[in-house]
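Colleague: I'd like to learn how to read helix faces and aromatic rings in a model. Can you take me through them?

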Amino acid sequence: MDYSIGISNLKWLIPSGTNIILSGDLFSGKDLFYKYFIEKGLEEGEACILVSTNETAQKILENFDGIKMDNLCIIDCVSSRFGATVEMPFFEQIRYIESPMDLTMIMVALNEFIDNVSREKNIKKLRIVFDSVSTLLMYSNLRTVFKFLHVVSTRVRSGGGVSLLLIEEQAHDDMEIKTIQQISQGIINMDSNEIIIRGFKTDRVRYEIVNQHIQIKP
């Protein structure tokens with residue numbers, strides 16, 4: 001029950017029950033990476049949950065326009081801060097959280113969505129994306145965020161899902177990076193036009209971004 005990343009010419013498969021840290025700077029293309037990752041899951045009929053601390057649900061839906069989104073759930077930690085929670089298509093698949101600091105309500109929403117896709121929809125494969133862990137660390141201390149992510153990662157492993165945890169590596173000290181890495185089984189780093197994977201698999205490829213698409217170089 002492996003998971004494909006969804007980028008053309010990148011044949012890496014992620015084993016079920018794997019939590020992966022995706023690191024890179026603002027211009028590395030990691031936001032494009034996770035969108036490929038979610039799009040592939042939706043195309044395969046898998047369930048996808050996106051926890052967003054950086055983009056509103058409305059913007060996310062626009063970014064995925066043209067993709068069948070019946071199995072996409074969004075936990076929006078942005079809109080409520082600006083009073084921008086509005087009804088829109090797929091409203092039942094969106095939960096608005098007051099702040100990225102409210103990890104308890106994020107967990108409640110996550111559990112609700114996970115239970116819904118597994119019990120009511122009977123979907124066996126699940127992808128979870130956090131965009132981003134760095135924002136969570138801006139609002140809560142390292143110990144609190146680690147405990148929260150440890151609970152999430154344990155559920156992912158026991159349920160055979162996959163999680164992708166985005167982080168701005170340069171925004172954190174060594175202790176923060178090493179602590180968050182403890183809950184992962186793999187690390188994907190995007191830097192200097194090279195994607196490097198370590199952990200359950202070791203490999204590297206060259207890439208470039210052309211017209212908002214990631215292209216793998218031969």
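Modeller: In H5, the buried residues are Leu142, Val145, Phe148, Leu149, Val152, Ser153 and Val156. Buried is under 20% relative accessible area, exposed over 50%, and partly exposed in between (1.4 Å probe, protein chains only). Helices (H or I, at least four residues) and strands (E, at least two) are DSSP runs, numbered from the N terminus. This is a predicted model, where local features need pLDDT of at least 70 and side-chain atom pairs count only at pLDDT 80 or more, while totals for chains, interfaces and linings use all residues. Residues are numbered from 1 along each chain as its sequence is written, and side-chain values use heavy atoms, leaving out hydrogens and water.

Colleague: Which exposed residues does the face turned away from the buried side of H5 carry?

Modeller: That face has Arg143, Lys147 and Ser158.

Colleague: And what do the buried residues of H5 pack against?

Modeller: Their partners include strand S3 (18–24), helix H3 (103–120), S7 and helix H6 (174–181). Contact means heavy atoms within 4.5 Å.

Colleague: Now the rings. How many aromatic pairs are there?

Modeller: A pair of aromatic rings is described by the distance of the centres and the angle of the planes. Rings of Phe, Tyr and Trp (its six-membered ring) pair if their centres lie within 6.5 Å; planes under 30 degrees apart count as stacked, over 60 as edge-to-face and the rest as tilted. By this rule there are two aromatic pairs. Phenylalanine 91 and tyrosine 96 have ring centres 6.4 Å apart and planes at 45 degrees, so that pair is tilted. Phenylalanine 130 and phenylalanine 148 are edge-to-face, at 5.9 Å centre to centre with 85 degrees between the planes.

Colleague: Where do phenylalanine 130 and phenylalanine 148 sit in the chain?

Modeller: Phenylalanine 130 is in strand S7 (residues 126–131) and phenylalanine 148 in helix H5 (residues 142–159), 18 residues apart, so the pair links distant parts of the chain.

Colleague: Is phenylalanine 130 buried or exposed?

Modeller: Phenylalanine 130 is buried, at a relative accessible area of 1%, and phenylalanine 148 counts as buried at 6%.
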